[in-house]
Amino acid sequence: QVQLVESGGGLVQAGGSLRLSCAASGSIFSINTMGWYRQAAEYQRELVAAITTGGSTNVADSVKGRFTISRDDAKNTVYLQMNMLKPEDTRVYYCKAVVATGPTGHLYNYWGQGTQVTVSS
């Protein structure tokens, strides 16, 4: 099994910054893409940003220029630096990792438990 543990959420004023971290552990052979998603109640989960093993990133237009995704493969950790936060960024943020648990190459999606980010106006 693979576990993803997120940290770094909280309450911040508009214009402020937060840094989310997500560490993967368990039966990991290799990690493919890692990413961050967010969800508000009664809405679909949406992609915020994703990063491949090669470092290529895909960032949602709504956060482009404000959020930066990065990863540390030695620590099996993905980060989301969030700057210039807005009240509309208030969501639960989830990390996702696409993981190979063995040498067969089969990939599985794993999700973190979610961390609340609240931006006050």
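Analyst: Buried means under 20% relative accessible area, exposed means over 50%, and partly exposed is what lies in between, with a 1.4 Å probe and protein chains only. This is a predicted model, where local features need pLDDT of at least 70 and side-chain atom pairs count only at pLDDT 80 or more, while totals for chains, interfaces and linings use all residues. Residues are numbered from 1 along each chain as its sequence is written, and side-chain values use heavy atoms, with hydrogens and water left out.

User: Why is Arg71 called buried?

Analyst: The relative accessible area of Arg71 is 17%. The limit for buried is under 20%, so Arg71 is buried.

User: What makes Arg71 and Asp73 a salt bridge?

Analyst: A salt bridge is a side-chain nitrogen of Lys or Arg within 4 Å of a carboxyl oxygen of Asp or Glu. In the pair Arg71 and Asp73 the closest N and O atoms are 2.7 Å apart, and the pair forms a salt bridge. Asp73 has a relative accessible area of 44%, so Asp73 is partly exposed. Elsewhere, shared partners in salt bridges join Arg38, Glu46, Arg66, Asp89 and Arg91 into one network.

User: How many salt bridges are there by this rule, and which residue does Glu46 pair with?

Analyst: The count comes to six. Glu46 pairs with Arg38, with the closest N and O atoms 2.7 Å apart. Glu46 is partly exposed because its relative accessibility is 31%, and Arg38 is buried because its value is 4%. Asp61 and Lys64 form another salt bridge, with closest N and O atoms 3.1 Å apart; both Asp61 and Lys64 are exposed.

User: Why is Thr77 called buried, and what does Thr77 touch?

Analyst: The relative accessible area of Thr77 is 7%, so Thr77 is buried. Contact means heavy atoms within 4.5 Å. Leaving out residues up to four places away in sequence, Thr77 touches Cys22, Ala23, Met34, Ser70, Arg71 and Asp72. Thr77 is found in strand β8, residues 77-82. Strands (E, at least two residues) and helices (H or I, at least four) are DSSP runs numbered from the N terminus.

User: How many helices and strands does the protein chain have, and what makes it as compact as a globular protein of its length?

Analyst: The protein chain has zero helices and eleven strands. Its radius of gyration is 14 Å, close to the 14 Å that the globule rule gives for 121 residues, so the chain is as compact as a globular protein of that length. The radius is taken over C-alpha atoms, and the rule is 2.2 Å times the number of residues to the power 0.38.

User: Which residues have the most contacts inside the largest nonpolar core?

Analyst: They are Leu4, Trp36, Val48, Phe67, Leu80, Met82 and Tyr93, in a core of 29 residues. Among the elements that give two or more residues to this core are β1, β3 and β8. A nonpolar core is a set of buried Ala, Val, Leu, Ile, Met, Phe, Trp, Tyr and Cys residues joined through side-chain atoms within 4.5 Å.

User: What is the phi of Glu42, and how do you know whether Glu42 is buried or exposed?

Analyst: Glu42 has a positive phi of about 70° although it is not a glycine. Glu42 lies in the loop between β4 and β5. With a relative accessible area of 84%, Glu42 is exposed. Asn76 also has a positive phi, of about 50°, and lies in the loop between β7 and β8. At 25%, Asn76 is partly exposed.
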